[in-house]
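Grab your viewer and try each task before reading on.

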Amino acid sequence: MKLRGILWAGLLCGAFAGSAQAERNKVVIIGLDGFRADVYGRAKTPNIDALVKQGYLSGEGWTADTAVSGSGWASIITGVERDKHGVRNNDFDGSRFTDYPDVLSRVEKLKPGLRTAALLSWPALAKHVPWSADVVFDGGYDDDRVLQKAQALMASKSSPDVLLVNFNEPDGSGHAGDYFDLDAPGYLQAIETADARVGALMQAIRQRPEARNENWLVVIATDHGGSRHHGENIPEHRKTLVGFSGKSVAALGVDPLRLAPRQVDIAPSVLAHLGLPQASGLDGRRMLRPVAEPVAALGRNQLVNGDAEYSVGRLDRGYDSDVPGWRKGDGGQVVDYVTHAWLPAPGARAGANLFIGRDAGKPLNTLTQRVPLIGALANARSFRLSADLGASSGHRARVFLRFSGEGRVTGFTRDGIVHLFKGPGYWRYSLAEQRVLPGYPQAIHLMWPGLASFAGGASDLDGILQKGDTAYFFKDGQYVAYDMRSQTVAGGYPKPIEGLWPGLERMAGGARDLDAVFRTTAGDRAFFFKGDRYIRYDVVADRADAHYPAYLSDSSWPGTGFWPADWNGVVEGEGAQAFVFKPGEYLLYDRAADRAMQSKPGSFHHGALAGLEDLYDGEWFELASGAGSGVLQTKVLQGSVPVGARVAEVEIRFEHPADSGTGDAYADNLALEFLP
């Protein structure tokens, strides 16, 4: 079957044209197995793109920590998380579909007159799910057979009101050894073919005479992502695509929401579109018109889901579920106040849920949320941070507020001296003496002639890569080659990063605004960091390695999992050491052993970098912690927003002793307001 060249012109408008007759609401759920979220936008997907123009699509929702098709599809069709539907594997062992039936079966029960169909390329879905749909078709791993069946149903007089279509690609290509990423031609081809099938299916829906009197909700869903394979609790495997399209959907575009749509939001959204009552016990929300998120205005709380009420409290503490609006670092969970006996009694401000650490087997767990200081917030002079904090005996809850602007930390180490650059300043720090050398900091432009050739001058560097006596300084979208012997910049610089550092253009936003750069101890590889991703670069071959960018996680950078994004700089230390920075703290990393040398971040007040407190002076704050009392106490902190700040980051940190046993640290009702 020829799938290319499907024409969309006129279809979007004509299919939804007005009519004197009352429109009939209908639904099609299109499942694309194994479509890795961050590959969208890189492959050619004109048909999905056309749907997004009439709705929105997000790649920030996460599937279950098992990251296999069984778990992902169970969440899509039931509207509940794994701790309820019980599916952990592709054999569907432990499934509880009697308690939490699929959405087509719910539709059949609530409104038997509606016609439903499940057309399934993956045979396990046909075998293990007790569908009550009018039509259940096992396509036997053949996506074309599934498409042909869908086209035939749409051409018949008894066409379905609710249609679920499961295409097995691009998962099949990923498992064939092509990887689930940009550097796998077969995988990209499979995505483009899957997109063409989406177009053919939509054409079959829209060309029917009845379509002019129908209001179709189109849902795009993926069950999991992947790397060389899938099934691990890492971002590459867990991030999913979920999107909604149609006249009833808010036209928001790509990744418009901090409270991103999730797999469990599909079932309640389908029921809402059909005008059917919501079932009790669902974990998802109706997302056709999403809940309004905070506007960038002074005097308003800028955190989403700060009260832990957006999602349902989890039943299984061992389930590493998503926490909407927050980035998880080595744990973090939402539970109901009554879930565990050691939890505190809810206070006057409490709802049903609160945040806990979840994984007390690790020294600390984190939940992090970032707020861009845009619009009215760009002129804020002060802030007010508040939270309810508490902990069982031996545990501790802390909240950090960090501000970031142009001033990342970068540098290198030579002969026991750490050369640090931040903002317009340059420090020399003695590791042996654990102190800043006398007379520092100095202005960069005075100590490093030639760096003033950067647009904006000799300040706000993003990274340094040292190769012998040449240092490459990166800033914004440019770099210079600096001869450290002659203290001069080579002729013809600055030059653009893009094109001259092949592969770095794959970073989100392109080859610019890096967070950090450093080398391996052998020097043949370098790592470039930006946001929640990094690229490994072959210094000898002068190009990025295949299958990057990858995500920061405890799997890729052991011991750093509590900081899974937005490092504020990395500086190579003595030997194999490297210092990883966040405003107010640092972490020592062993490049040779490839793991963190500390179980917790270090303070600039003591340790390897004692005496560098002024490096982040006025850029980080800690809310008074809650420790050991077993009750929640409201903590409030007010302070000044540093000049030049562009992003505020709130980190909830749950700390645990080595022999933690039961109990945990907990938090609720977080709020961050900015004031004139």
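**Exercise 1.** In this predicted model, find out which residue R197 forms a salt bridge with, and where the two partners sit.

*Solution.* Start with the atoms: the closest N and O atoms of R197 and D143 are 3.7 Å apart, and the cut-off for a salt bridge is 4 Å, so the pair qualifies. Last, check the accessibility, with buried meaning under 20%. R197 has 8% relative accessibility, so R197 is buried, and D143, at 4%, counts as buried too.

**Exercise 2.** Work out which parts of the chain the salt bridge between E655 and R396 ties together, and decide whether each partner is buried or partly exposed.

*Solution.* The closest N and O atoms of this pair are 3.9 Å apart. E655 is in strand β37 (residues 647-655) and R396 in strand β14 (residues 396-404), so the bridge ties together parts 259 residues apart in sequence. Now the accessibilities: E655 comes out at 7%, so E655 is buried. R396 comes out at 31%, so R396 is partly exposed.

**Exercise 3.** Zoom out: how many salt bridges does the whole structure hold, and which residues are linked in a network of them?

*Solution.* A search of the whole structure turns up 52 salt bridges. R370, R402, D566, K582, E585, E649, E651 and R653 are linked in a network. As for the charges behind this, the chain has 71 positive and 80 negative side chains, and the centres of the two sets are 4 Å apart.

**Exercise 4.** Check the overall fold: what radius of gyration does the chain have, and why does that agree with a compact globule?

*Solution.* A compact globule of 676 residues would have a radius of gyration near 26 Å; the chain has 27 Å, so the two agree. Of the 676 residues, 60% count as buried. Now count the elements: twelve helices and 38 strands. Finally, of the contacts between residues at least 6 apart in sequence, 65% join residues at least 24 apart.

Methods
Residues are numbered from 1 along each chain as its sequence is written. This is a predicted model: local features need pLDDT of at least 70, side-chain atom pairs count only at pLDDT 80 or more; totals for chains, interfaces and linings use all residues. Side-chain values use heavy atoms; hydrogens and water are left out. Helices (H or I, at least four residues) and strands (E, at least two) are DSSP runs, numbered from the N terminus. The radius of gyration is taken over C-alpha atoms; the globule rule is 2.2 Å times the number of residues to the power 0.38. Buried means under 20% relative accessible area, exposed over 50%, partly exposed in between (1.4 Å probe, protein chains only). Contact means heavy atoms within 4.5 Å. Lys and Arg count as positive and Asp and Glu as negative; His and the chain ends are not counted. The place of a charge is taken as NZ of Lys, CZ of Arg, CG of Asp or CD of Glu. A salt bridge is a side-chain nitrogen of Lys or Arg within 4 Å of a carboxyl oxygen of Asp or Glu.
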